[in-house]
Amino acid sequence: MRRFRRTLAAVAVAAVVVTGTAGWASGTSQTPVTGPPPGTEEWRADRSLGRALPDPGTAAPDDVFRFFAGLTVAQRQRLLVRHPLVVGNLEGAPPVLRYRANALALGGAADGRQILAYDPRGRGQVAEVFGDLTRAGRVAVVVPGSDIDAGTFDRTRGMARSLYEAANDRARDVPGSAAGHGTAGGVAVVAWAGYTTPVGVGVDAATGDLAEAGAQRLARFTRGVTATGAARPALFCHSYGSVVCGLAAGRAGATDIVAFGSPGMRADSVADLHTDARVWAAKAPSDWISKVPHVRLAGLGHGTDPTAPDFGARRVPADDAAGHTGYLAPGTSSLRAFASIARGEAR
């Protein structure tokens, strides 16, 4: 009976959060962007090479990579110019080719940046790379939570850059030290705002619909990265992004999955994620996410707190992280731990 009363109380609190009657919770319902990129129909109709091009909606990333490997430089350039939005978002296409395609699609706004994906539909989706993706010894992907889109991408970009700089701290590489263990070629970091995120803390943030759509896109993205010869990624998943990572875990091929500031991963334990990745979790004492009930009922809530002992994740220290967004701030214990995980050193 006591447990039943606790469950009812938790559900009541969840209802307050979702409906916004607590004053701080509000949101606007979003329709997820799904399917192949803009320009796909023109790409499908293109017979300039005397044959059909790989279908952006169905072709496996490995097949896409082999297709581009068989083209001449001139043929690649021709497809890039004719179909920049398709080439720039085609999982399995060479990263350098995608950078050039997205620079063209953005009309020079990329300003020398390595934009790995740019989809202008909806609120806009972007992915950007720090480092050399195909030569790096390790790859990390930062998956953000609510309120991130093309217009607010700099927030995710800042987190990814902070992780990139910490993971590639050359001051650690001193003669006779073990600092460089597992980091041959350094660590490349991807800021991946590649799904439709919730707006505010409303119904979308409390349910899994956007996360389900995002998980499909994330899993295809990571398969596309590894198809080009890049290392298997470690996923760093913030807030609602950890819901996306939880649902993608069994398909993403990650070495590590780090949930921080998480409302839950739609799983009761690490075993429920069906992944061979090492799973880590961090939550700062001052993070407001602690006030969100870890329940799942009638489609609301995301389940067990990943930092709870019975969930089974490895705990990441975060006592000095400030609030919900301070986990990657320079000098924090959480950033140092994340950098160690990204380098493949943490155990």
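Author: Of the protein's 347 residues, 54% count as buried. Keep in mind that this is a predicted model.

Reader: How much accessible surface does the protein have, and what share belongs to carbon and sulfur atoms?

Author: About 14800 Å². Carbon and sulfur atoms hold 54% of that.

Reader: How many helices and strands?

Author: There are 11 helices and 10 strands.

Reader: And the contacts? What share joins residues at least 24 apart in sequence?

Author: 66%, counting contacts between residues at least 6 apart in sequence.

Reader: Let's switch to helix packing. At what angle do the axes of α3 and α9 cross?

Author: Roughly 40°. The axes come within 8 Å. For reference, α3 covers residues 61–69 and α9 covers residues 209–227.

Reader: Parallel or oblique, then?

Author: Oblique. Angles under 35 degrees would count as roughly parallel, and the α3 and α9 axes cross at roughly 40°.

Reader: Is that crossing left-handed or right-handed?

Author: The α3 and α9 crossing is right-handed.

Reader: Which residues make the contact?

Author: On α3, Pro61, Asp62 and Phe65. On α9, Arg220, Arg223, Gly224 and Ala227.

Reader: New topic: aspartate 149. Where is it?

Author: In the loop between β4 (138–143) and α7 (153–167).

Reader: Buried or exposed?

Author: Aspartate 149 is buried, because its relative accessibility is 15% and the cut-off for buried is under 20%.

Reader: Which residues does aspartate 149 contact beyond its neighbours within four places in sequence?

Author: Arg123 and Gly124.

Reader: Now backbone angles. What is phi at arginine 266?

Author: Near 60°. That is a positive value in a residue other than glycine. Arginine 266 is in the loop between β8 (256–260) and β9 (278–282).

Reader: And what about histidine 274, what's phi there?

Author: Near 55°, a positive value, and histidine 274 is not a glycine either.

Reader: Where does histidine 274 lie?

Author: In the loop between β8 and β9. Arginine 266 is found in that loop too.

Reader: Last one. Why does histidine 274 count as exposed?

Author: Because its relative accessibility is 63%, and exposed means over 50%.

Methods:
Residues are numbered from 1 along each chain as its sequence is written. This is a predicted model: local features need pLDDT of at least 70, side-chain atom pairs count only at pLDDT 80 or more; totals for chains, interfaces and linings use all residues. Side-chain values use heavy atoms; hydrogens and water are left out. Helices (H or I, at least four residues) and strands (E, at least two) are DSSP runs, numbered from the N terminus. Buried means under 20% relative accessible area, exposed over 50%, partly exposed in between (1.4 Å probe, protein chains only). Contact means heavy atoms within 4.5 Å. Accessible areas come from the Shrake-Rupley method with a 1.4 Å probe; for residues, only the protein chains shown count as cover. Axes are lines fitted to C-alpha atoms, for helices over the stretch in contact, and angles run from 0 to 180 degrees between N-to-C directions. Angles under 35 degrees count as roughly parallel, over 145 as roughly antiparallel, 65 to 115 as roughly perpendicular and the rest as oblique. A crossing is left-handed if the near helix is turned anticlockwise from the far one by less than a right angle, and right-handed if clockwise.
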